[in-house]
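Please open the structure in your viewer and keep the selection tool at hand.

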Amino acid sequence: MAEDAKPRVKVPKSASVGEAVTIKALISHKMESGQRKDAEGKLIPRSIINRFTCDFNGANVIDVAIDPAVSTNPYFEFDAKVDAAGEFKFTWYDDDGSVYEDSKSIEIA
Amino acid sequence: MHRTAKSIAALALGLALTGMASADPVEDTLTVETDDGPLTLTTMTSAPDHLTDTMDTIWSGWHYREDDTRDMERDDFDNPGMVFVDRAIDSWNAPQGVKGESCAGCHEGPESMAGLRAVLPRVDPESGKLMLMEDHINSCVTERMGLEAWKLTGDEMKDMLALISLQSRGQPVNVAIDGAAAPFWEKGKEIYYTRFGQLEMSCANCHEDNQGMMIRADHLSQGQINGFPTYRLKDAGLLSSQQRFIGCVRDTRAETFKAGSDEFKALELYVASRGNGLSVEGVSVRH
């Protein structure tokens, strides 16, 4: 597990049926590109989050492939249409095989 | 007639250019969306008594930054500095001392630190030394936890500064400048007005005489430190006041004092006192 990887998400507590809500998701991660060299001139191996997904009640909302050009602490903001109360599940996939998860529930107002 | 019109046009153009060169702080209000609801901060107020001869109003550096940067500070989620606060919460709870001591073990939650940022630096009544927040943290780390002192400008130190400062967000800066603090404050004031480096510039040359003007592409603020530690977009990381002082003095092409030196401690007290009355911004966002 990469050091200091810590997810943060923001989802409104409630929404009306059919409303598109704004979701913000961030994970702290150094996103080492694999192109940089250390003080001794050796290549620092690539270590990034390569995929991010968000599911709502089992249905996929967004599935993002991430490449090395994405900078430190990748941050995604997107809209999702809410038809019923339920739970947003967020998953980040690390190059080293680790998976980070977070979830937030939303109610219908 | 024609000539008059022309000179008026030239005059108007001249005025417009002057207007641009002295880009004054932006009139705006900082209300932050926090987990506990919106919090409005005092980012502009009348100058403390000791400054009234020099200026009427003190402005947080927030007013001098561009729209996008100001907006990032309005929402804790958009504030990249909060990542470091999260990291510090882990460190706060982690048993890292030689006998498994943690910050939480003695101090319980970080909210027990509320109010501390607003009154630091201050003189420790027992030792008579001027204490920065870094000094307080390191005295815990070395004396209570039995560890090597944290590097003053290192990541774990700055993370912790961010977490502890955040607990005082919204409270007015109120450092003591009289009594035991007076000699330190006088020393800090002297440093503030002393010209350093090959460029022979003092803090006051930029942040007092020319605040609001552009220095190449940078907008000179009053140099207030109520928002420190700050998330600096240029560094994609946190910056403490001590680091900022090093950066400023270095920019005058001088050999700088060290972080945590007596000189920079005194300077931090003096600069903090120039912001007495502004809200602690916890982790602010700057260019």
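A pocket, as the word is used here, is an open set of grid points with protein on both sides within 12 Å along at least five of seven lines, and a lining residue has an atom within 4 Å of such a point. The model on display is a predicted one.

**Stop 1: the second largest pocket**

By that definition, the second largest pocket has a volume of about 960 Å³. Please select R8(A), T34(B), D35(B), D36(B) and D76(B), which are the closest to its centre among the 27 residues of its lining. Next, colour the elements that each supply at least two lining residues: β1 (6-10) and β8 (99-108) of chain A, and β1 (30-34), β2 (37-41), α3 (82-93) and α7 (155-166) of chain B. Within chain B, domain 1 (43-80 + 176-285) and domain 2 (81-167) each contribute at least three residues to the lining of this pocket. The lining comprises 12 nonpolar, four polar and 11 charged residues.

**Stop 2: chain A**

Now display chain A alone. Which secondary structure elements does chain A have? It has zero helices and eight strands. The C-alpha trace of chain A spans about 60 × 20 × 20 Å along its principal axes, and buried residues account for 38% of the 109 residues in the chain.

Select residues 10-103 of chain A, where UniProt, in an unreviewed entry, places the feature "domain: Sulphur oxidation protein SoxZ". This span is 0% helix and 53% strand, and its end C-alpha atoms lie 10 Å apart.

β4(A) and β5(A) form a hairpin with two residues between them, and N57(A) in the turn has a positive phi of about 50°.

**Stop 3: the largest pocket and the annotated site**

Return to chain B and select H207(B), L220(B), R244(B), C248(B) and D251(B). Of the 47 residues that line the largest pocket, these are the closest to its centre. The space in this pocket amounts to about 1,200 Å³. Which element gives the largest share of the lining? It is α10(B), with nine residues. Other elements of chain B that each supply at least two lining residues include α8 (182-192), α9 (203-207) and α11 (262-273). The lining is made up of 21 nonpolar, 16 polar and 10 charged residues.

**Stop 4: a sheet of three strands in chain B**

Select β9, β10 and β11 of chain B, which form an open sheet in the order β10-β9-β11 with mixed pairing. β10 (237-239) and β11 (285-286) of chain B stand at the edges, each with a single partner strand, so one side of each has no neighbour in the sheet. β9(B) pairs with β10(B) in the antiparallel sense over three bridges, and Y231(B) stands opposite L238(B) in β10(B).

**Stop 5: the enclosed cavities**

The largest cavity holds about 90 Å³ of space. To find it, select among its lining residues R117(B), A118(B), L120(B), I225(B) and V280(B). Its lining divides into seven nonpolar, two polar and two charged residues. α5 (116-119) and α11 of chain B each supply at least two of the lining residues.

The second largest cavity has a volume of about 50 Å³. Residues of its lining include E134(B), L161(B), P229(B) and Q242(B).

Key: Residues numbered from 1 in each chain as written. Chains lettered and ligands numbered in written order. Predicted model: local features only at pLDDT ≥ 70, side-chain atom pairs only at ≥ 80, totals over all residues. Heavy atoms only, no water. 1 Å grid on protein atoms, 1.4 Å probe; cavity = no way out; pocket = protein on both sides within 12 Å on 5 of 7 lines; lining within 4 Å. Points joined across faces, edges and corners; volume = space filled by probe spheres on them. Helix = DSSP H or I, 4+ residues; strand = E, 2+ residues; numbered from the N terminus. Nonpolar A, V, L, I, M, F, W, Y, C, P; charged D, E, K, R; others polar. Domains from an automatic or database assignment. Pairing = 2+ DSSP bridges. UniProt positions renumbered as here; feature names shortened; annotations may be inferred. Buried < 20%, exposed > 50% of the residue type's maximum accessible area, 1.4 Å probe, protein only.
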